[in-house]
Amino acid sequence: MDEREEKRRELRAKALQLPLTPGVYIMHDKSGEIIYIGKAKALKNRVSQYFGSEKNHDAKVRQMVSNVDYFEYILTDSEFEALVLESSLIKQHQPKYNILLKDDKGYCYIRVSGGEWPRLSAVLQKEDDGAKYIGPYLSYWSIRETVDAARKIFKLPDCNKKFPRDMGKSRPCLNFYIDQCCAPCRGRIRGEDYIEAFQQALDFVKGGSGTSIRELTKRMEQAAEDLDFELAARLRDRINALQKLRDRQKVVESRVPEQDVIALAQGESRTAFEVFRFTGGKLTDRESFITQGTGSDPEVRSEFLRQYYGIRDRIPPVVTLDGPCDGQELIARWLTDLYSAKIKRGKTVRINVPQKGSQKQLVEMCHSNAAEYLAQQSGLSGRDASALDELRRLLGLEKAPAYIECYDISNLQGGENVAGMVVFENGRPLKAAYRRFKIKTVEGQDDYGSMREVIARRFSEYREKQREGDNTGFGRMPDLILLDGGRGHVNAVQPVLDGMGLSVPLYGLVKDDKHRTRAIAVSGGEISITSTRKAFTLLSTIQDEVHRFAIGYHRQQRKKSAISSTLLSIEGVGPQRAKALLKHFKTVAAVGEAELSELERAPGMTKPAAKRVFDYFHGENS
């Protein structure tokens with residue numbers, strides 16, 4: 001027994017001696033540093049789980065457990081007291097294996113540079129550089145978005161060129177050609193026109209789109225009365241741009257005046273969280289986080305809420321989630337106490353999990369942003385990350401299935417029985433990993449038996465590769481196995497995996513009468529996938545691809561069989577000679593069109609054999 005296994009058993013024995021009461025447990029490494037803090041309703045049950053079988057933990061937990069040298073605990077009178085104490089201790093010690101969310105919500109400013117050609121920018125701190133600073137503001141995200149919108153609407157430059165120094169020295173950038181910059185670098189805009197646009201942009205970031213629209217409308221009407229139609233048209237275009245901006249903002253307005261909307265997306269080894277913060281019914285801030293490790297959604301949400309609000313000054317009266325969380329009532333009570341302490345009035349904080357309506361749409365938008373952030377951090381596309389996370393939720397998997405294998409059987413009335421395997425990695429086809437199988441042990445049309453043979457052969461190869469220390473190709477364990485078939489296929493294959501001691505999620509893909517993916521079959525029934533659009537698209541793509549691949553191989557085998565039977569029917573032409581002829585002439589048609597002298601010169605041929613082949617194709621009965 002190695003040292004690590006001995007330590008794990010020692011810690012498990014100590015954990016089994018803990019009481020079945022609420023409390024907080026504190027994990028230490030060999031240096032005595034606190035590496036993890038957690039709370040439990042029953043200390044004995046929770047702590048002993050860490051030191052049980054490693055198969056029940058994700059990579060992050062296994063890594064943490066491998067570094068635990070000893071643990072201590074603090075008993076509390078209730079689970080709620082344990083929650084409060086856990087939050088306080090995590091904030092104090094910041095253990096490396098807890099979800100640590102850096103509280104970087106400092107102040108930010110709008111910087112107004114000086115000179116004849118001033119600029120607007122969003123900055124995190126003031127500097128003694130002679131510029132004017134407007135603020136402070138709490139949300140850097142909202143200020144940055146506002147400044148970016150102002151520059152685009154009023155066509156102000158966002159490049160690093162200095163004016164008037166750089167005027168006329170280079171061609172304008174792309175922003176000029178897409179009508180988002182007045183391009184002072186061209187030297188064709190008057191200084192007074194630039195200042196006018198800049199001042200309007202400044203009024204916009206100070207007063208918002210509503211105030212700017214009212215002021216610009218008055219100026220446009222006055223310009224029209226003064227017959228200054230060029231100015232009126234310019235103001236009209238700016239008003240239209242502001243109206244479009246306001247229309248886009250309405251998409252993310254909330255009927256709940258003040259709330260946080262939180263959603264998560266899990267990948268193969270990381271979890272992304274997105275927080276939308278609404279004040280006055282409008283989206284005023286957003287935050288994105290990425291954490292190492294995955295887990296069950298309710299557990300991960302619960303841990304995130306405890307960490308996130310433990311370091312935030314603002315507690316909203318409503319927290320809207322994309323799914324349930326562990327200890328939901330307990331966390332709502334804890335948030336209520338925090339809310340009352342910070343706001344100085346007793347109000348209940350409500351945790352909401354919407355099922356339909358506008359709140360559900362906000363949650364879905366938040367989830368899409370979480371998936372996009374996860375994709376950026378993982379090198380995927382947002383669509384693929386979102387589809388894999390939807391599939392994970394649909395099937396109840398612990399992590400997003402980054403490596404998916406799908407199998408299909410193809411035959412014609414039991415003849416030329418073959419199978420195809422396709423692989424999708426991170427939502428995209430991995431064609432280098434595709435494999436073809438000739439069915440060897442099954443006679444006739446027996447799809448169940450054929451599928452059992454294929455799976456047994458594939459995972460026999462897996463075991464062989466593992467013994468060789470090779471984790472590529474068949475040496476890699478898939479995160480998900482899909483079968484092109486229903487419950488019968490799943491029930492036929494599951495005992496093969498069980499008999500080999502393999503635990504891999506296994507599902508079947510069911511088609512409707514129009515040959516479209518309708519549902520996922522499991523051994524006990526079916527799971528509808530029509531409500532999960534991105535997962536539905538991914539599964540349909542996988543099913544179509546494996547069907548195409550298997551059918552293609554089957555047709556190829558039938559064609560080879562037909563070709564071989566033609567040449568083998570000629571006296572004196574056996575399998576080897578037929579193979580040599582096809583290799584030399586490429587097709588049966590080319591063999592039939594060849595001259596006798598060409599046939600005699602072909603590899604493996606003799607003059608008598610060449611004469612028989614020539615007579616076969618050119619004789620009276622040909």
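Two strands count as paired if DSSP finds at least two bridges between them. Helices (H or I, at least four residues) and strands (E, at least two) are DSSP runs, numbered from the N terminus. Strand 8 and strand 9 form one, with two residues between them. Gly-280 sits in the turn and has a positive phi of about 65°.

A word on the model. It is predicted, so local features need pLDDT of at least 70 and side-chain atom pairs count only at pLDDT 80 or more, while totals for chains, interfaces and linings use all residues. Residues are numbered from 1 along each chain as its sequence is written, and side-chain values use heavy atoms, with hydrogens and water left out.

Now the overall numbers. The protein has 19 helices and 19 strands. Of its 622 residues, 46% are buried. Buried means under 20% relative accessible area, exposed means over 50%, and partly exposed is in between, with a 1.4 Å probe and protein chains only. The accessible surface comes to about 32400 Å². Carbon and sulfur atoms own 47% of that surface. The areas come from the Shrake-Rupley method with a 1.4 Å probe; for residues, only the protein chains shown count as cover. Next, contacts, meaning heavy atoms within 4.5 Å. Take those with a separation of 6 or more: 62% of them link residues 24 or more positions apart.

Back to the strands. Strand 7 covers residues 259-266, and eight of its eight residues are buried. Which residues point each way from strand 7? Gln-259, Val-261, Ala-263 and Ala-265 go one way. Asp-260, Ile-262, Leu-264 and Gln-266 go the other. In a regular strand the side chains alternate between the two faces of the sheet.

Strand 7 has two partners to show you. Strand 8, residues 270-279, runs antiparallel to strand 7, with eight bridges. A hairpin of three residues connects strand 7 and strand 8. Asp-260 stands opposite Arg-277, and Ile-262 is bridged to Val-275. On strand 10, residues 318-321, the pairing with strand 7 is parallel, with three bridges. There, Asp-260 has Val-319 as its bridge partner.

Strand 8 goes on to strand 9. Those two run antiparallel, joined by ten bridges, and strand 9 spans residues 282-292. Thr-279 is bridged to Lys-282. Why is strand 8 described as largely enclosed by the rest of the structure? Because nine of its ten residues are buried.

Next, the cores. A nonpolar core is a set of buried Ala, Val, Leu, Ile, Met, Phe, Trp, Tyr and Cys residues joined through side-chain atoms within 4.5 Å. The largest has 27 residues. Ile-110, Leu-120, Phe-154, Leu-156, Phe-198 and Leu-202 have the most contacts inside it. Strand 4 (108-112), strand 5 (120-123), helix 5 (140-153) and helix 7 (191-225) each supply at least two of its residues. Helix 7 gives the most, with eight. Another core lies apart from this one; it has 26 residues, including Ile-455 and Val-490.

Tyr-407 is worth a stop. Its place is strand 12, residues 403-412. Is Tyr-407 buried or exposed? Buried, with a relative accessible area of 0%. Beyond its neighbours within four places in sequence, its contacts include Phe-437, Met-451, Ile-455, Arg-458 and Val-546. Asp-484 is another of those contacts. Tyr-407 and Asp-484 are 77 residues apart in sequence, yet 6.1 Å apart C-alpha to C-alpha.

Most residues other than glycine have a negative phi, and most peptide bonds are trans. Gln-94 has a positive phi of about 50°. The residue is in the loop between helix 4 (79-93) and strand 4, and is exposed at 56% relative accessible area. Lys-155 has a positive phi too, near 60°. Lys-155 is in the loop between helix 5 and helix 6 (174-177). At 27%, Lys-155 is partly exposed.

Last, cavities. On a 1 Å grid over the protein atoms alone, a cavity is a set of points where a 1.4 Å probe fits but cannot get out; lining residues have an atom within 4 Å of a point. Grid points are joined across faces, edges and corners, and a volume is the space filled by probe spheres set on the points. How many cavities of 30 Å³ or more does the structure hold? Four.

Note on methods
On a 1 Å grid over the protein atoms alone, a cavity is a set of points where a 1.4 Å probe fits but cannot get out, and a pocket is an open set with protein on both sides within 12 Å along at least five of seven lines; lining residues have an atom within 4 Å of a point.
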